[in-house]
Amino acid sequence: MAGGGAKAEPEEELSSRSSSGGDSEKWETSEEGRTNSKGKLLPDGFLDPLPPQKSLKRPRFCGMVEGACKQGQRRVKRRDALREDIMDSKTLEVHPSIANLRGLHRAAHPNEGTILGAASHLLMANEWQVRCPRFIDALEHAGIACIRHLQFIRLDHHLITALVERWCPQTNTFHLPVGEMTITLQDVQIILGVRTDGPALVGPIAIGLGHRWLSWPDCCDELLGSHPEEDVVYHHPSEQNQTSNFRMGSAQARTCIPLRWLRWTFYRESYMDLTMNDLLRHVRAYILYMLGCFLLPDTSGSHMHLQYLPLLEDLGEFSQYSLGGSILAHLYRELKEATKPTRVYMAGCLHLLQVWAWERLHVGRPTLHVPFPRDITGKPLGYRWNEERVREVPIGNVRMYRDEIDGLQQSQVIWEPYTPALMVWLPKICVDGMEIWQARVPLISWKRVEWHLPDRVMRQFGGRQLIELEPMERTFRRVDGRGRANVDWMEYHYNYIEMWNKRRAYIIVVTPRGDDQEDLLRYMHWYRSWASLYLLKAPIAPPNTYYPKAPVERIMMDYYVRSKCILRPFFGGKCNGARAMQLAIDEVASLCNRVESAIHIDFGAVEDPIRDNTHRGTSPSSVVGAGASRVRDQEPSSSTNQ
């Protein structure tokens, strides 16, 4: 073997290397089992992840040296991949915890991991606005019209990182001090407004000899009317100086489609003049675009796999698929991948994750203009968190959110945010098939399978939480599409698809919670016996910096930061303008009123600042603004703390 353009090795050298067990020793990593050529097993029953290392002869040429280096790099990558596969395929423990994953989870490296970036681009989705009634009707027919209301939700990357640090891939739940919580089919359907009850989103092989289309370009030509050419320079429809030829890798060019090409080619202000066939092509392009940049994005953030296009041939049939189940399975898998300490970007529907956290936890939750959703009739619940409806977004960092989560109390969790009063405002698609929300079943997203485990979070459905739970299927192994380009996933996941088809037989019965605390205490005792409750270690010395842990404390921090910025121009007598000073006083007074409305203040126990400043020689005129504000605050009509 030679690398980097090296000359061929002598025949005797090749035979020697082959017999010495170099690259010739193949390792199987299939789901049925992993074994090397000698079938060596570790004492605990796991297969040896490392092939026997044997020294290589000293290379004779420079090219051979480079080839040996590349061979060593490939061996290290293969070793790491095998270790990861073995951790995934390990028989699941009855009580798995983040601590059991040791150094493989980013929670073990709180001071070393990076803040996760997002490969989900709802801002890109906002660039394709849909206002044409004819196009909206077609989206309604396809069962995906609700997502057009979710325009732009600003991602809090620090909050997402703090949540990922609490994710346990062995249970598909967040391990929090208050117990386990997770995103369920209920959250997906209510927040996004997509269907969850229906066939699994997976299809047969459609490309190749003996199948529907010979190649993906042929499929695109029939269902979209065209396909992107590799050597053609495309222009932005409204900005002609912006061009691209969409160069991708050879494998991606054969199976993927660029997201920008979809928007540049099919976006229109109106679709009223199109024929029915052309309209359907534009709708298929829009759905592919939304899947790629919002609902099912991968870490590339720039293209979408074409495997979903054949399912869009009949939009009415596509509307029956469990798109919500696919979105949740995809997000579960991406959460698992994001727990790796070296991971920098995270894919999946991150806006679903963030809105879920805002609906259920106080951590990082912004303030809304209209808290009660009386103006979201016919829209999914996620609509109320759009950028233009959010009044204030907390300024947080990952350390602050870690501390808040470590100190989370039961009273700071909204276990059932979707009240009957709220549900009546939602569209019909948000509640169709709601009985399967408690189904303990596998979720299928084409090649990916993940387990939906509502029995671990029954408090989210108003039920009593059970204990002594199995994490998931004992022999469950995660697989992906690497090295499986020609696999028929409908056949590969046949058993899981059959379980999903019988999902109503696996619905967990919800036992009412009741008013007593005995069940909760029993559950928390069991949960604390094995779970990792706190991410950060207790400090040996008192901390020098205090991080706010509650909304009221954030208000106090905000008061300090803003008032200091307002008054900074007046420090040292630098600014003497009467009008500027009065505006500053009014702004600080407004901040004071906000603090007073959030915090109970016993004014009788606080010394009068005017009298105190007078004794110190301060002129009463210098505190007129504060005194006037104090008088207004003490008026009965404006008191907010009675």
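## A covered strand

Let's start with strand E13: Arg 448, Glu 450 and His 452 point one way from the strand, Val 449 and Trp 451 point the other way, and all of them are buried. This is a predicted model. E13 spans residues 448-452 and is mostly covered, with 5 of its 5 residues buried.

## Its partner in a hairpin

Which strand pairs with E13? Strand E12, residues 441-445, pairs with E13 in the antiparallel sense over 5 bridges. As one example of how they line up, Val 441 stands opposite His 452 in E13. The two strands form a hairpin with 2 residues between them, and Trp 446 in that turn has a positive phi of about 60 degrees.

## The nonpolar cores

Now to the cores. The largest nonpolar core has 133 residues, and Leu 192, Leu 224, Leu 262, Ile 287, Phe 294, Leu 295 and Met 346 have the most contacts inside it. Helix H10, residues 276-295, gives the most to this core, with 12 residues. A second, separate core has 7 residues, among them Trp 526, Trp 530, Ala 531 and Leu 533.

What does Leu 262 touch, leaving aside its neighbours within four places in sequence? Its contacts are Trp 128, Leu 224, Ile 257, Tyr 267, Ala 285, Leu 288 and Tyr 289.

## Two helices that meet

Two packed helices are described by the angle between their axes and the distance between the axes. Helix H6 (residues 185-192) and helix H12 (residues 323-338) pack at an angle of about 115 degrees, with axes 9 Å apart. On the H6 side, Leu 185, Val 188 and Leu 192 meet Gly 324, Gly 325, Ile 327 and Leu 328 of H12. The residues of this contact divide into 5 nonpolar, 2 polar and no charged.

Note on methods. Residues numbered from 1 in each chain as written. Predicted model: local features only at pLDDT ≥ 70, side-chain atom pairs only at ≥ 80, totals over all residues. Heavy atoms only, no water. Buried < 20%, exposed > 50% of the residue type's maximum accessible area, 1.4 Å probe, protein only. Helix = DSSP H or I, 4+ residues; strand = E, 2+ residues; numbered from the N terminus. Pairing = 2+ DSSP bridges. Core = buried A, V, L, I, M, F, W, Y, C linked by side-chain atoms within 4.5 Å. Contact = heavy atoms within 4.5 Å. Axes fitted to C-alpha atoms, helices over the stretch in contact; angles between N-to-C directions. Nonpolar A, V, L, I, M, F, W, Y, C, P; charged D, E, K, R; others polar.
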